[in-house]
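Please look through the sequence and the structure shown here before reading on.

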Amino acid sequence: MNFFDKLHETFIVDDRWQYLTNGLKITLLVTFFASLLGIVLGFLIAIVRSTHDKTGKLPILNAAAKLYLTVIRGTPVLVQLMIIYFVIFASFNVSKVFVAVMAFGLNSAAYVAEIVRSGIMSIDNGQFEAGASLGLNYPKTMLYIILPQALRNILPALANEFIVLLKETSVAGNIALNDLTKGGDIIRSATYEAFLPLIAVALIYLVLVVALSKLVNLLERRLAKSDQG
Amino acid sequence: MIRVENLEKSFGNLHILKGISTHIEKGEKVVVIGPSGSGKSTFLRCLNLLEKPTAGKIFFEGKELTAMKEKELYAIREKMGMVFQHFHLFPHLTIRDNITLAPVKLGLMSQEEADKKAAELLQKVGLSDKAEQYPNQLSGGQKQRIAIARSLAMNPDVILFDEPTSALDPEMVGEVLALMRELADEGMTMVVVTHEMGFAREVASRVMFMDGGYIVEENEPQEFFTNPQNPRLREFLSRVL
């Protein structure tokens, strides 16, 4: 069999390429919604943590947030995924996409939280004082003065987190979710040919990551420009 | 307007203010001078409770700040403007938005009213052409004038100045002092921590000398500078004048 026959055998016969396209859809879907969950939850945790650091308030929420960060960052995402699927949702009939979104979102939230917190803590305390001296309370100061500046500083790190997340979703096959990686694997087990499907999967991830990185660079450059101007 | 009773402030083991009592009347221009580490900035920052006093009481327009809930305190701060040594303008906002942010977000003015007020204030501080620019594009003196305009936008009853010219290049000190002098002439109540002895002599209604956490001497400027009583003040003046 020459190379083109192999290509034909791997992707064209039985429309096997659809394992990759369908898998890609799942991967993108999971990444997108997990990112959303990660952002929302991550920001909330970061605000709790930095409010506690700055003002000493919210001790209970802060302790809970710290515990959450320790557990999530101290255990592998694959283990978390399996616990959520095989333990927490064991007796419920829920969609695997939903489980994956929950697992990767909850995991990502921990990392987003630390990125956002570092962004908030990097803002000069004078900005908080300027807000307070104008009569703006802590939440208003946070919302209108601190977060916009913090967000600008952490945007590259945040974007990088979502690129990592995209790649991390490749372990979702462990709960039999047919994502991109799993799609390649299904082809491999059908054709007994590992090289082509795995390389194809790798290439698709690579193209996605490079494209996303380019986007982030573009964004960074635009922000740098508006910083001067 | 502001009454301070036995104010004390410690940071850990460091006892900065050791019992300050004074009374600042409406329309007064109190200038606070003293060597560094004397507690003058801490005293000023205690007046609007940016620093929480360790002991003592502070009253503003008859209300005790030191006994207040946080929510009431923020309402009080709307009436007590503050100008910082390092300006603390909001770098992500245009000059106009720096001025209008607080009045609009606190619901005191509509955006239109605030914009109009900002235009007036920018004219007053002589920076009308900078409305659309960002703080980073301004010189130090210009930044400080904007910071003053920002605090004026809240129509404060008193403005606290924390070494407003100490971070400026020498050639920019004059423009800021001139603006402060103008405010003083208009009757604004001011408490100014500064090293500008000329300003103290010409603008102050009362000069306060702090050393070692106490108000060591206070007097109207003529008497204060020509006939200082306390030996430490005499020594301080001999070094700075």
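In this predicted model, two salt bridges are found across the interface of chain B and chain A. One salt bridge brings together the side chains of B:R45 and A:E129, with 2.6 Å from N to O.

**The side of chain B that touches chain A**

- Four helices and strands of chain B, namely α2 (70-77), β6 (80-83), α3 (95-105) and α5 (140-152), each supply at least two residues of the side that touches chain A.
- When the residues on this side of chain B are sorted by class, 13 are nonpolar, six are polar and six are charged.

**The extent of the contact**

- How many residues does the contact take from chain B, and how many from chain A? Chain B gives 25 residues to the contact, while chain A gives 22 residues.
- The size of an interface is often expressed as the accessible area that is lost when the parts come together.
- For chain B and chain A, the area buried between them is about 2000 Å², and 62% of it lies on carbon and sulfur atoms.
- Within chain B, the residues that lose the most area to chain A are B:Y74, B:H92 and B:K105, which together account for 29% of what that side buries.

**A residue in a helix of chain A**

- A:T141 belongs to helix α7 of chain A, which covers residues 138-168.
- Is A:T141 buried or exposed? A:T141 counts as buried because its relative accessibility is 2%, and the cut-off for buried is under 20%.
- If its neighbours within four places in sequence are left aside, A:T141 is in contact with A:Q127, A:F128, A:G131, A:A132, A:L136 and A:I146.

**Paired strands in chain B**

- Strand β1 (residues 2-11) and strand β4 (residues 55-60) of chain B run antiparallel and are joined by five bridges; in one of the pairings, B:I2 has B:F60 of β4(B) as its bridge partner.
- Strand β4(B) is also joined to strand β5 (residues 63-64) of chain B, and these two strands, linked by two bridges, run antiparallel.
- Which residue of β5(B) is the bridge partner of B:F59? The partner of B:F59 in β5(B) is B:E64.
- Together β4(B) and β5(B) form a hairpin with two residues between them, and in the turn B:E61 has a positive phi of about 50°.

How values were computed:
Residues numbered from 1 in each chain as written. Chains lettered and ligands numbered in written order. Predicted model: local features only at pLDDT ≥ 70, side-chain atom pairs only at ≥ 80, totals over all residues. Heavy atoms only, no water. Contact = heavy atoms within 4.5 Å. Buried area = accessible area lost by both parts, 1.4 Å probe. Salt bridge = Lys/Arg side-chain N within 4 Å of Asp/Glu carboxyl O. Nonpolar A, V, L, I, M, F, W, Y, C, P; charged D, E, K, R; others polar. Buried < 20%, exposed > 50% of the residue type's maximum accessible area, 1.4 Å probe, protein only. Pairing = 2+ DSSP bridges.
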